Amino acid sequence: MLRDITLGQYYNTASPLHAMDPRTKILGVIFYMVILFTASTVWEYALAAIFTVFVIKVSRVPVRFITRGLKPIVIIMLFTLVLNLFMTSGGKELFHWWIFRVTDLGVETAVKMAVRLVMLIMGTSLLTLTTSPIALTGGIERLLSPFRKIGVPSHEIAMMMSIALRFIPILMEETDKIIKAQTSRGADFESGNLIQRVKAMVPILVPLFVGAFRRADELAVAMECRCYNGGEGRTSLRELRFRRVDGGALCACVILTAAMAALKILRMVGVL
Amino acid sequence: MSIIKAENLSFSYESEGAEVKVFENLNIDIDEGEFVAVLGHNGSGKSTFAKHLNAILTPKSGRVTVCGIDTADESRLFELRKNVGMVFQNPDNQIVATVVEEDVAFGLENLGVPREEMRRRVDEALKVVRMYDYRTYAPHLLSGGQKQRVAIAGILAMEPRCIVLDEPTAMLDPIGRDEVMETVRRLNREKGITIVLITHYMDEAVKADRCIVMDRGKIVMDDRPASIFPKVEEMRALGLDVPQATELVWELKRRGLNIETGALRSAGAIESILKMTRDQL
Amino acid sequence: MIELKNITYTYNPGEPSARVALNDVSLTLADGDFVGLIGHTGSGKSTLVQIIAGLLPPLGGTASVDGTDFSEYKAAAKELRKKVGLVFQYPEHQLFEETVYKDIAFGPKNQKLTEDEIDLRVREAARRVRLEDGLLEKSPFDLSGGQKRRVAIAGVVAMKPEILILDEPTAGLDPSGRDELLGMLKELHGDWCKTIVLVSHSMEDIARAAGTAAVMNGGRLVMNGPVEEIFSRGDELRSMGLNTPQITRIVDGLIKAGLPLEKGIFTVEAAADSIEKLVRSKR
């Protein structure tokens with residue numbers, strides 16, 4: 001099940017999107033989110049969709065890797081869909097059954113919400129699919145570094161993320177081993193009521209946590225042995241290069257966002 | 001010239017209110033370029049000793065000087081750790097980065113080495129441990145032996161004079177063990193790096209220039225492997241093994257055969273046995 | 001008795017990262033066997049023991065337990081889990097209770113034994129793995145590495161499995177700890193557990209404890225027979241990147257040099273015996 005989460009999984013291939021500076025991509029995703037959450041008319045959605053499809057094409061990541069990220073949120077999606085469908089008041093009534101009322105406005109809101117969510121997941125998955133974790137953390141560190149003066153521990157945040165990413169596969173494998181070891185001792189994780197099932201998790205969680213703490217301890221010693229002393233005076237092997245293509249991409253994002261904002265303003269003043 | 005010097009070193013820790021002595025008045029002198037194996041059963045103090053060599057632990061009393069630096073001198077801690085690299089048992093718990101080459105660079109990044117210089121040293125270190133082709137891999141895709149070699153490369157990039165390995169092969173399979181041992185030996189022979197290897201695999205200790213055997217916090221033997229292992233009964237009494245080659249010739253001698261003892265490897269044992277059969281025909 | 005026939009297993013089937021772990025493996029574990037399972041990392045031995053222990057459904061093949069054939073692994077798995085106890089390499093993967101006693105009791109409790117019976121089992125298992133009584137009320141996390149491993153083994157032994165499988169139980173132990181553990185397994189065999197499977201990289205350990213050996217290579221079971229027969233095929237083992245015990249290599253070297261010794265000697269004692277006999281007869 002854990003394997004289905006595309007977030008944090010890097011798809012290694014050569015594409016213009018892969019070659020971009022991680023900072024560009026992170027900022028791009030922020031702009032993309034702004035666009036998605038301000039979009040309201042069909043045209044705006046279409047524009048966002050065209051942009052999404054274009055970026056996916058450029059990334060050269062197979063579509064099934066991108067859609068795989070949607071699987072874990074299907075339930076959340078259905079939930080919002082149903083909620084919006086039945087809870088939206090106003091609009092013309094389409095049909096009525098018992099206490100449920102479906103209106104055209106409800107259908108519209110529900111569909112928009114679902115589309116927005118799908119595009120959001122696909123767009124953000126694309127960031128992690130085209131950016132290696134280490135580049136991503138490097139990018140975040142640099143983007144946050146101006147805020148260091150006001151006390152944002154940018155280096156520490158990036159280091160923590162990097163270590164978390166490093167240990168995710170290890171801990172997943174360990175979890176599998178622990179489950180099997182306890183199953184072999186007759187542990188039953190599948191039957192019983194909710195409380196019994198939660199209780200049955202203890203033999204898994206205790207070894208997992210004890211193990212994680214032991215690892216953290218050993219890692220800290222190993223890091224100190226290699227002269228780790230926080231972010232001060234540190235250099236970096238990986239160079240972040242902000243090139244022309246990054247400038248172009250960022251400009252495109254700004255223009256797109258501006259265009260959306262313009263559409264919105266025009267609509268508000270009543271020109272459209 | 002001596003590179004590691006422990007003088008009257010004592011260490012103890014507190015457990016449930018009582019003081020547990022790990023060792024007392026330990027004196028060890030290791031020369032630059034030596035390959036030393038430290039043996040002893042679990043709890044003999046060998047691992048605690050290793051932790052004193054780059055100030056993970058500092059002496060309760062006595063003094064440890066490594067590369068001319070007193071390990072208790074906090075102002076020279078980074079200088080000490082740059083010169084004395086440490087490789088631990090579990091390869092997974094000492095690799096920090098999610099890409100091999102980034103991990104090898106970790107120590108250099110901490111020391112603030114400029115990028116061009118760093119690139120050169122990282123590539124060089126990866127080539128020495130023969131992991132250059134894997135430089136862009138994620139560590140979790142590597143075998144135990146490969147991971148341990150990456151850990152060694154990370155140390156090597158810092159250009160240390162001495163590397164301390166604390167049971168580096170305990171979690172590896174035979175292939176991984178051979179890879180690591182071959183690498184360690186090459187570093188010693190070709191680069192003249194002083195090696196302190198904590199182990200309880202006798203076939204690894206046999207490859208060292210010198211073996212220090214510890215028991216309950218004391219040094220009970222300190223000599224060349226060829227002088228230590230033939231003392232089969234003493235080694236057994238210390239809870240240690242001897243290579244089967246050594247044991248065989250010793251056993252034949254014990255049974256009253258006229259055989260030369262002291263073989264450490266198969267070839268040596270075969271030679272002694274053949275010589276004996278020839279002599280007796 | 002457990003019979004596995006034509007077992008296959010593939011990790012991540014259908015994906016670019018697909019890897020065949022087991023390819024048409026058939027293996028019978030008869031009552032009274034003490035099997036050494038050999039093979040290097042990635043040879044498929046860990047996958048195989050998980051299938052034997054009823055923890056991993058294979059992609060193909062059948063299993064029979066005590067003569068009953070199961071067409072569905074799901075049904076077989078239930079029987080297998082009842083009969084087979086698997087001790088994983090690292091005790092850290094299973095220790096979780098506040099005290100050693102409670103931790104050992106976890107398995108018997110899951111078997112729904114009575115309080116008295118559980119107590120009996122826990123104490124007997126602890127005695128069998130040579131844990132001192134005083135340790136039973138301690139936290140398993142405060143023990144030494146060797147003690148933790150013994151508690152982990154006791155936790156499975158207390159369930160009195162007919163077949164006990166241990167994955168690399170001697171890894172990381174010092175020589176005296178290893179000798180003690182192997183001795184302990186030999187005592188358990190036959191009297192407490194009918195069958196023992198010892199997974200190990202160490203040929204010396206297998207030579208010392210096991211009666212038969214099974215060798216895995218590249219997902220296949222390539223050798224299966226008495227230990228002396230397996231170790232007499234040193235060249236084949238070496239071609240798979242495995243090795244024979246050093247003593248076997250010495251005897252092989254002596255045979256090559258022309259000494260009339262038997263092949264397949266794998267203990268120092270036996271080697272010394274036959275060399276001594278040879279020398280004394282020649283005199």
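Contact here means heavy atoms within 4.5 Å. By that rule, 30 residues of chain A touch 39 residues of chain B.

## Basis of the model

This is a predicted model: local features need pLDDT of at least 70, side-chain atom pairs count only at pLDDT 80 or more, and totals for chains, interfaces and linings use all residues. Residues are numbered from 1 along each chain as its sequence is written, chains are lettered from A and ligands numbered from 1 in the order in which they are written, and side-chain values use heavy atoms, with hydrogens and water left out.

## Chain A

Chain A has 11 helices and 2 strands. Helices (H or I, at least four residues) and strands (E, at least two) are DSSP runs, numbered from the N terminus. Along the sequence the pattern reads α-α-α-α-α-β-β-α-α-α-α-α-α.

The radius of gyration of chain A is 23 Å, whereas a compact globule of 272 residues would have a value near 19 Å. The radius is taken over C-alpha atoms, and the globule rule is 2.2 Å times the number of residues to the power 0.38. The C-alpha trace of chain A spans about 65 × 55 × 40 Å along its principal axes. Among contacts in chain A with a separation of 6 or more, 72% come from residues 24 or more positions apart.

Of the 272 residues of chain A, 39% are buried. Buried means under 20% relative accessible area, exposed over 50%, and partly exposed in between (1.4 Å probe, protein chains only). Chain A exposes about 15,400 Å², and carbon and sulfur atoms supply 71% of that area. Accessible areas come from the Shrake-Rupley method with a 1.4 Å probe; for residues, only the protein chains shown count as cover.

Chain A carries 31 positive and 19 negative charges, with mean positions 5 Å apart. Lys and Arg count as positive, Asp and Glu as negative; His and the chain ends are not counted. Each charge is placed at NZ of Lys, CZ of Arg, CG of Asp or CD of Glu.

## Chain B

Chain B has 11 helices and 10 strands. Its radius of gyration is 21 Å, close to the 19 Å that the globule rule gives for 281 residues, so chain B is as compact as a globular protein of that length. Its C-alpha atoms fill a box of roughly 70 × 50 × 40 Å along the principal axes.

In chain B, 59% of the 281 residues are buried. The accessible surface comes to about 11,200 Å², with 45% belonging to carbon and sulfur atoms. Chain B has 37 positive and 45 negative charges, and their mean positions lie 3 Å apart.

## Chain C

Chain C has 11 helices and 10 strands. Its radius of gyration is 20 Å, close to the 19 Å from the globule rule for 283 residues, so chain C is as compact as a globular protein of that length. The C-alpha box is roughly 65 × 50 × 35 Å along the principal axes.

Of the 283 residues of chain C, 55% are buried. Its accessible surface is about 11,600 Å², and 48% of this belongs to carbon and sulfur atoms. The 35 positive and 41 negative charges of chain C have mean positions 3 Å apart.

## Helix 3 of chain C

Helix 3 of chain C covers residues 100-110; 8 of its 11 residues are buried, so the helix is largely enclosed by the rest of the structure. The buried residues include Tyr101(C), Asp103(C), Ile104(C) and Phe106(C).

The cover comes from two chains. Chain A contributes helix 8 (154-184) and helix 10 (202-225), among others, while helix 4 (115-128) and helix 5 (145-157) of chain C also take part. Just after helix 3, Lys112(C) takes a positive phi of about 60°.

## Interfaces of chain B

The size of an interface is often given as the accessible area lost when the parts come together. Here buried area is the accessible area (1.4 Å probe) that two parts lose on being put together, summed over both.

Chains A and B bury about 3,000 Å² between them, 56% of it from carbon and sulfur atoms. Asn93(B), Thr98(B) and Arg115(B) supply 23% of the area that chain B buries against chain A, more than any other three residues.

The contact between chains B and C takes 32 residues from chain B and 33 residues from chain C. It buries about 2,800 Å², of which carbon and sulfur atoms give 61%. Gln244(B), Leu248(B) and Arg255(B) lose the most area in chain B to chain C, together 23% of what that side buries.
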